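Subject: Structure handover

Hello,

Here is the structure for you to take over. Please open it first, then read the notes below.

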Amino acid sequence: MSFSLISQTFNKTKKESRPALLTYTVAGDSTKKKSLEILNSISKYADICELGFPHNTPIADGGQIQTSAYRAIKNGIKINDVFSIASQFKKSKKDKPIILMGYYNMIYQYNENKFINKCKKSKVDGLIVVDFPYPENKFFASKCKKKGINFIQLISPTTSRERLKGIIKDSHDMVYYISMLSTTGGKLKVAPRKILENYNKIKLLDKNKKIVIGFGITEKTIKSLNKADGLVVGSAICKEITSSINKRQNIVTNVTNIVKKLKNKIR
Amino acid sequence: MKLKKNIPLIDQHDKYGFWGGKFGGSFIPETLKKPVEDLTKEFQKLRKNKKFIKKRDYYFKNYIGSPTSLIKLENLSNYLEGAQIWAKVVSEANGGAHKIYNATVHALICKAMGKKYIVGDTGAGYAGKMLSMAAKKFGLKCKIFMGAKDIKRQKPNCDAMRKNGAEIVPVFSGSQTLVDAVSECMRYWVSNCDNTHMCVGSTVGPNIFVKICGWSTAQISRELKFQLRKEFNKIPKKIKLINCVGGGSSAYGFWSEFIDYNKKQIELVGVEAGGPNKSKLHAAPLSKNSKIGILHGAASYVCQNKEGQIQETESISAGLDYPGVSPIHCFLKDTKRARYTYATDEEALNAYKMITKFEKLNPSLEPSHAFAEAIKIAPKLSKDTIIIVNSCGDAKKDRDILKERLGKKR
């Protein structure tokens with residue numbers, strides 16, 4: 001069996017003794033063209049790029065990502081544009097994994113199978129569906145796996161031990177640990193030591209699974225969690241897009257600088 | 001897809017929480033899995049607990065003021081010269097609407113779970129007002145999420161919430177109405193579920209919230225059944241139970257005891273918000289044949305675009321102004337047990353005018369939608385047909401809108 005691009009990426013960052021840096025941006029934010037430019041530019045520093053397909057009722061996202069999502073929808077992003085952004089990105093960055101992230105209704109309306117096929121065709125490496133939890137997602141996840149797409153399960157501080165075991169057992173290469181009880185973009189309200197403690201508990205169940213930590217990660221907090229396999233930064237980036245627009249500055253340059261700084265903190 | 005007999009509709013779902021295999025479920029972020037599971041277990045335990053039931057019934061009677069009356073609208077019936085029109089005046093309940101049932105039960109559950117904070121969403125402001133009342137009654141700290149647009153148009157209820165010591169959190173995202181209030185409330189719960197209980201204001205949301213709300217409002221039909229037997233000595237042969245449907249909590253509560261009856265004997269009619277005459281927007285996913293989608297943790301018919309973005313809705317009635325609807329109403333629609341239709345803003349206003357002209361009743365804009373349907377069909381029906389409308393809310397909260405739309409102060 002060949003290793004997925006996601007696995008290979010984690011193996012590489014492990015050799016470099018550092019966590020993988022995962023970025024999250026919203027497809028179509030601020031425009032289709034701009035979001036592709038941002039992706040291309042930040043991927044110089046990011047190891048894995050998450051690309052959000054925006055939904056206008058995002059029940060787990062805080063203000064920053066909501067703003068990005070509303071902006072993208074207002075500027076006319078459609079789900080097929082999201083695939084086309086992903087596919088164009090992969091044409092120039094073959095070795096960079098891209099993970100689509102969003103809410104289930106978008107997949108449901110597109111049709112599950114059609115969505116998975118389209119992911120494969122666009123060379124999408126993974127999929128995160130925020131409001132489609134385990135075990136309801138088991139069948140869908142296995143369909144993804146058959147097409148070589150990583151379905152990324154989420155784990156939170158409230159996940160019971162019993163659920164945890166099941167989720168890890170049925171998970172693919174990568175698992176997303178939510179650092180705290182919060183929507184995205186919240187202030188890190190839990191001590192990094194505590195987060196890593198939970199992280200280690202998950203890691204002990206299966207050392208081969210790559211666990212990334214997300215929620216509340218910024219320039220200030222990223223270093224304290226650098227023992228993890230990977231760290232996700234989303235709201236901090238979306239916030240920068242908003243502020244660059246407000247200041248009429250170059251979005252691509254500013255966002256790239258942020259990602260570069262984040263990377264430097266964990267090198 | 002089939003309804004089962006002798007099992008409450010709220011319990012006719014599969015192990016993943018789906019009614020009819022496709023409506024409902026729990027599409028929630030991982031963080032909420034545990035609190036939802038805890039709540040599910042607690043509710044299962046409590047509803048079998050005799051002491052808890054006794055407590056519930058005590059508060060329903062002594063705090064809510066159950067039973068609310070069933071009255072014949074003689075003047076209106078005579079004027080329309082058709083079916084007899086009756087009203088179950090649920091707006092007599094403490095606080096002025098059926099929302100008090102769900103709010104009281106949630107406050108009791110919150111207490112039983114040892115939580116001190118309770119949060120809820122509100123559209124018309126009734127769910128929020130009632131939750132603030134119940135919170136005050138049971139000593140809980142309360143936060144209400146409400147769309148900024150609704151805060152403006154339902155001021156009397158906001159004043160009541162503040163008076164009860166609740167904090168109103170205005171929601172400025174999206175259309176600034178109920179749909180955004182529910183989203184924001186769920187987000188708050190995601191961040192604070194360790195010490196906070198969430199009350200969903202209608203029979204919508206993840207499976208367990210549909211069940212708790214339906215279980216609470218079912219009191220309305222238990223009373224009605226008793227009152228019908230008393231009034232007619234038996235359940236009459238031709239009944240139509242007409243109820244407005246936004247999320248669908250009052251309609252389910254009004255119908256639950258009668259779902260097992262043959263629909264030729266008891267027809268269930270749900271009236272959604274058709275929006276303004278001239279507008280393409282509405283809040284009628286059932287009667288305008290919207291597609292199934294996922295909104296706020298459940299699959300139901302939802303006003304949405306092709307891509308799955310939730311559509312803006314429009315209605316004069318804040319309480320019906322919601323793009324989704326309860327999964328149990330979707331189930332009742334697909335099994336053809338209930339019939340769903342809509343009334344426009346103008347039809348609801350006309351109905352309000354007619355009701356208040358003929359009767360000593362002051363229904364809010366929500367039940368005015370149901371009265372519009374009753375007024376429409378009554379003249380075509382025989383005199384032995386009994387139409388009963390659930391007058392589930394009082395128009396005090398609509399003071400400003402009614403003044404603006406109908407001119408004089410009412």
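In this predicted model, helices α2(A) and α4(A) cross in a right-handed sense. Helix α2 covers residues 32–42 of chain A, and helix α4 covers residues 79–92 of chain A. Their axes lie 10 Å apart, at an angle of about 35°. Axes are lines fitted to C-alpha atoms, for helices over the stretch in contact, and angles run from 0 to 180 degrees between N-to-C directions. Helices (H or I, at least four residues) and strands (E, at least two) are DSSP runs, numbered from the N terminus.

Which residues meet there? From α2(A) come A:Lys32, A:Ser35, A:Leu36, A:Leu39 and A:Asn40. From α4(A) come A:Asp81, A:Ile85, A:Gln88, A:Phe89 and A:Ser92. Contact means that the C-beta atoms of two residues, placed from the backbone, lie within 7 Å. By class, the residues of this contact are 4 nonpolar, 4 polar and 2 charged. Ala, Val, Leu, Ile, Met, Phe, Trp, Tyr, Cys and Pro count as nonpolar; Asp, Glu, Lys and Arg count as charged; the others, Gly among them, are polar.

A word on conventions. Residues are numbered from 1 along each chain as its sequence is written, and chains are lettered from A and ligands numbered from 1 in the order in which they are written. Because the model is predicted, local features need pLDDT of at least 70 and side-chain atom pairs count only at pLDDT 80 or more, while totals for chains, interfaces and linings use all residues.

Chain A as a whole

Chain A has 11 helices and 9 strands. Its C-alpha trace spans about 50 × 40 × 35 Å along the principal axes. Of the 267 residues of chain A, 53% are buried. Buried means 20 or more other C-beta atoms within 10 Å of the residue's own; exposed means 12 or fewer, and partly exposed lies in between, with C-beta atoms placed from the backbone. Among chain A contacts with a separation of 6 or more, 73% join residues 24 or more positions apart.

Where the chains meet

Chain B as a whole

Chain B has 15 helices and 14 strands. Its radius of gyration is 19 Å, close to the 22 Å from the globule rule for 410 residues, so chain B is as compact as a globular protein of that length. The C-alpha atoms of chain B fill a box of roughly 60 × 45 × 45 Å along the principal axes. Of its 410 residues, 62% are buried.

Chain B splits into domain 1 (29–61 + 99–214) and domain 2 (65–96 + 219–406). These bounds come from an automatic or database domain assignment. The C-alpha centres of the two domains of chain B lie 23 Å apart. In chain B, 33 residues of domain 1 are in contact with 33 residues of domain 2. α8(B) supplies the largest share of the domain 1 side, 5 residues. That side has 16 nonpolar, 12 polar and 5 charged residues.

Two residues to look at

B:Ile118 sits in strand β5 (residues 117–122) of chain B. Is B:Ile118 buried or exposed? B:Ile118 is buried, because 26 other C-beta atoms lie within 10 Å. Beyond four places in sequence, B:Ile118 touches residues including B:His106, B:Cys110, B:Leu131 and B:His197.

B:Ser287 lies in the loop between β10 (266–273) and β11 (292–295) of chain B. B:Ser287 is also buried, with 21 other C-beta atoms within 10 Å. Beyond four places in sequence, B:Ser287 touches B:Glu272, B:Tyr340, B:Thr341 and B:Tyr342. B:Ala273 is 14 residues from B:Ser287 in sequence and 9.4 Å away in space, C-alpha to C-alpha.

Best wishes

Key
Rg over C-alpha atoms; globule rule 2.2 N^0.38 Å. Left-handed = near helix turned anticlockwise from the far one by under 90°.
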